[in-house]
Amino acid sequence: MKKKMTNILDRIFKKPLYRVFLFLLGLPTFLVSFIVYCARKSSYAKTDKTSEIRARILAELEKSGEKQALYNETRMFLENKRAFFKKESGDFEKNVQREFEKELNKLVERRLQEDEEYKKNYRPITLLGVMKDLLQNNAFLVFSIITSLPMYLLLLIYSNPYAKYIFERLVMMIFVLFGVVFLVFTILYMSPMDPAVNILGQTATQEQIVEFNRVYGLDQPYIVRLFEAFKGLVTLDMGRSYAGNEVVMEAISRKFPVTLQVTFASLAVALILAIPSGIISAVKPYSTFDYVFMLIALLGLSIPNFWLGLVLILNFSINLHWLPATYSATDWTTLIMPAIVLGTALSASVARMTRSSMLEVINQDYITTAKAKGLSSKRVILKHALGNAMIPIVTVVGLQFGGMLGGSAVTEKVFNINGIGSYIVDKQFIPDIPVVLTGVVYVSVVISLANLVVDILYAFLDPRIKSKMKNY
Amino acid sequence: MNNNSNASYLKRERKRKLSRFTEYKSATFATGITFAIFLVILFGAFDFATQSFNMGTVSASLIYLVSTVIQALLTFKIKSDILKKGEVSSATRKLGFIMLLFVLTANIFIAIAAFNLIKKDKGIEYNLAIYSVLTSFTVMMISLLNLFKEYVANTFMLGMGVLAGLTIFYAVVMLLIHKFVHGKNVDKHMKPIGYLLIVSAISGNVFALLLGLVIITKIKHAGDEISVEWIEVLRRLFRNNMAIIGMFVVTVLLSISLCSYLTFDYSIATDNNYSALLLEPSLEYPFGTDDYGRCVFTRIVFGARISLAVGIATTVVPIIIGGVLGAISGFYGGKSDNIIMRLLDVLYAVPGILLAIAIVAAFGTSTFNLIMALSIGSIPTYARTVRASVLGLANSEFVEAAKACGAKDHIIIFKHIIPNSLAPIIVRATLSIGGAVLSTSSLSYLGLGVEPHVPEWGNILKAGSTYLETNPYLAIYPGLAIILLVLAFNYMGDGLRDALDPKLK
């Protein structure tokens with residue numbers, strides 16, 4: 001157990017960024033180790049006999065004639081070099097002397113490392129070595145675990161490749177989120193539009209505008225407001241919206257489930273339509289079915305969402321009165337049209353991807369082998385081909401899922417859905433900075449998490465990635 | 001059993017024999033498409049509200065039914081020719097001249113099949129010439145619709161004259177190609193014609209431009225054994241029917257948006273006309289008029305200009321920025337790679353359309369802001385594409401050789417790496433122009449695109465969508481225009497990907 005821990009410590013110490021984290025999380029342990037380290041270092045300096053051992057090795061070399069041999073070898077090498085290049089650079093004898101000394105030093109250092117006496121007495125003292133020594137002591141170990149538990153959690157995470165991978169991705173995500181806040185805030189800050197005038201109206205007096213700006217902190221300089229935004233990200237409190245003065249986090253967490261519901265509905269529609277049709281197209285390529293389906297798929301990619309929404313409303317709501325035109329949370333039939341509209345583009349790209357990656361797999365040797373073994377074609381297609389063709393499909397679904405969360409703003413406007421997209425668009429014109437900022441960050445978080453899930457799914461789907469992960 | 005397998009073998013053999021003849025392939029394609037158009041028009045003629053057929057539209061669809069039957073008969077004749085004699089007889093080829101007349105029913109597919117039938121050995125030049133003629137002819141026909149208007153643009157006659165002249169010129173070029181171009185050998189006297197063709201591409205005719213370039217390149221490389229690479233790619237592209245139709249649609253739209261400076265009157269698209277509010281589609285107003293009495297058809301024609309410009313600009317700008325960043329980070333690796341890619345990760349985390357919404361809302365609606373907003377969002381994708389291909393190339397042997405020869409970094413990047421990593425970028429660019437057109441119209445629909453008075457397709461659609469219950473065609477036609485353009489770009493991109501695929505070489 002202890003051995004394993006010191007092993008992980010060795011590995012983790014080689015990564016600079018992790019080292020910083022380790023110092024921060026295990027400060028007490030490192031403090032104690034550092035004191036011991038300093039003490040040992042000073043006592044070490046007093047008993048240093050390295051130079052004596054070096055002199056002894058040099059004498060041994062002289063005695064065995066190795067020194068002379070080395071000199072001759074160096075000289076011969078340089079002479080050959082001079083003869084080949086037919087060029088003289090500086091004094092030849094001096095060059096030989098310099099080169100020889102360099103080689104000699106190297107040899108002595110090598111011998112020093114092998115020397116029995118040196119090995120026994122003089123191990124180089126490092127902070128890590130001292131700490132590992134100390135941790136062998138159980139009392140110190142207990143003290144260390146109590147005082148710097150987070151460090152051990154980090155070690156634990158590091159010991160498991162999956163946990164380490166997820167941890168690294170999450171840390172990266174936090175940095176990205178700060179970047180997103182900076183980017184979006186800066187864009188909105190540079191906007192020439194004035195929220196105070198847009199909310200209070202053109203007739204607002206100067207005092208009203210000043211008061212509004214004071215209440216919402218709009219009179220502060222850029223740096224202060226940016227810092228406020230960062231603080232909001234850390235404390236998960238993004239303040240209140242300018243229009244309506246509601247708590248932004250509450251409003252967003254009320255609207256987000258609606259968007260999520262629509263997205264999942266369309267995802268279901270897309271997967272049910274796309275994967276079977278993609279498989280059939282790949283199994284019978286260049287057939288009429290294939291041509292027709294791929295034509296429809298490309299058509300689906302080319303139709304603007306809002307236009308499809310309008311056409312559906314025109315036919316099924318206005319002309320035929322089958323489905324209601326506007327969304328309401330209590331009536332599931334209102335979800336059908338938005339799901340179809342959002343699902344069209346998604347199923348188009350998923351079907352195309354399914355077809356092309358299935359086609360690639362279906363011509364592989366192992367599929368021929370499986371067929372030759374006498375497996376039923378259903379089994380070959382579903383187990384051997386589809387399983388291996390799954391990775392690009394999962395990628396596309398993951399990417400599109402993220403895109404849909406952000407891009408559904410237009411569809412939400414068409415069907416009058418009270419989701420996050422239309423919320424952001426509505427507040428955009430003010431510009432209501434807290435709302436837009438929070439909305440964008442919220443969507444980014446969900447997209448990053450979706451990507452993370454996709455990447456982890458890879459490991460389960462693809463044995464090659466799985467084995468790579470073990471050595472991560 | 002034996003009999004059965006023999007029959008299936010014969011069937012396959014027949015198929016293989018037929019597929020060698022482009023005459024047969026394009027004839028079957030034209031038959032199928034014409035029949036599909038007939039069905040679409042017939043479907044459009046049915047009025048769901050009153051459960052009855054619109055007789056005018058039905059008669060239009062019948063023309064297509066007749067065309068389908070005639071084309072099918074011709075296809076059958078070609079098939080029996082091939083199977084019996086192993087080639088298409090010259091009598092059948094003469095029938096192609098009659099089939100050319102079907103271009104008057106706006107059926108370019110039969111016209112293409114007829115052109116393919118007329119000439120026996122068809123080089124890439126002949127194909128390009130066909131599409132050049134058809135492009136300028138189609139643009140001329142669309143512009144002719146202006147004759148039904150109360151007044152036309154001052155330069156209308158000039159524009160029509162230029163278009164007619166170009167059509168005749170391309171037809172003459174087609175004859176010259178028949179006489180002077182045989183496979184790889186192009187007569188030297190064709191050179192001035194090549195330059196004239198390139199100049200004529202000002203009208204937006206991409207096919208003419210390519211034709212001119214092909215002729216000049218072939219004359220330049222007259223004695224060479226190896227064929228020029230991009231001409232090979234072009235040839236492979238022309239094997240794909242749908243890709244070429246897509247390219248044709250894009251070229252026609254490009255050409256009409258350039259020619260509209262002469263043949264269309266901008267005031268019809270933007271000036272209010274209170275005597276013609278919300279009219280139904282007619283010959284004078286093919287797509288009807290909107291709530292200000294503006295001709296929707298003319299607005300869509302002018303909208304093509306903006307949609308194409310925004311679509312192309314929002315693809316070119318991120319390619320340049322993202323390409324440079326990706327090339328730097330892929331070539332140098334290490335710290336610069338890390339910094340650039342981590343910064344781009346921030347951009348990548350925000351959905352493109354949300355970022356565009358934020359930027360446009362912050363800086364106001366204008367075409368420039370829109371282009372910038374849409375460009376910034378797609379920088380990371382291009383940077384990643386370029387980085388991936390540069391990473392692969394940076395370790396390749398020819399780059400090592402260049403380094404060993406002492407080539408400077410910028411020479412290696414611009415001369416060796418960028419040309420070799422171009423193919424995936426071209427494909428991605430063509431496919432993403434369609435996406436950019438969609439995003440533009442989506443933003444316009446939200447009121448965040450170009451200024452509301454500008455005739456952009458999204459704007460026209462937004463204005464039309466308020467009259468969905470009473471005048472649905474106001475929203476349907478601009479939507480169809482968007483679909484047509486995006487579909488064309490998507491087919492072109494698909495075709496380019498297949499044509500550039502090194503596996504097929």
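Picture a 1 Å grid laid over the protein atoms alone: a cavity is a set of points where a 1.4 Å probe fits but cannot get out. Grid points are joined across faces, edges and corners, and a volume is the space filled by probe spheres set on the points. This is a predicted model, in which local features need pLDDT of at least 70 and side-chain atom pairs count only at pLDDT 80 or more, while totals for chains, interfaces and linings use all residues. Residues are numbered from 1 along each chain as its sequence is written, chains are lettered from A and ligands numbered from 1 in the order in which they are written, and side-chain values use heavy atoms, with hydrogens and water left out.

Searching the whole structure turns up two cavities of 30 Å³ or more. The largest cavity has a volume of about 50 Å³. H5(B) provides the largest share, three residues.

Now for an open space. A pocket is an open set of points with protein on both sides within 12 Å along at least five of seven lines. The second largest pocket holds about 740 Å³ of space. Its lining counts 28 residues, and Lys122(B), Gly123(B), Ile124(B), Asn127(B) and Arg235(B) lie nearest its centre. Helices supplying at least two lining residues each include H6 (124-144) and H10 (229-238) of chain B.

Finally, turn to where the chains meet. Here 43 residues of chain B are in contact (heavy atoms within 4.5 Å) with 40 residues of chain A. The two chains bury about 3700 Å² between them, 81% of it on carbon and sulfur atoms; buried area is the accessible area (1.4 Å probe) that two parts lose on being put together, summed over both. One salt bridge crosses this interface, with a side-chain nitrogen of Lys or Arg within 4 Å of a carboxyl oxygen of Asp or Glu as the rule. Asp494(B) and Arg352(A) form a salt bridge through their side chains, at 3.0 Å from N to O. Helices H14 (334-349) and H21 (473-500) of chain B are among the elements giving two or more residues to the side that touches chain A, and H21(B) gives the most, with twelve residues.

Key
Helices (H or I, at least four residues) and strands (E, at least two) are DSSP runs, numbered from the N terminus. On a 1 Å grid over the protein atoms alone, a cavity is a set of points where a 1.4 Å probe fits but cannot get out, and a pocket is an open set with protein on both sides within 12 Å along at least five of seven lines; lining residues have an atom within 4 Å of a point.
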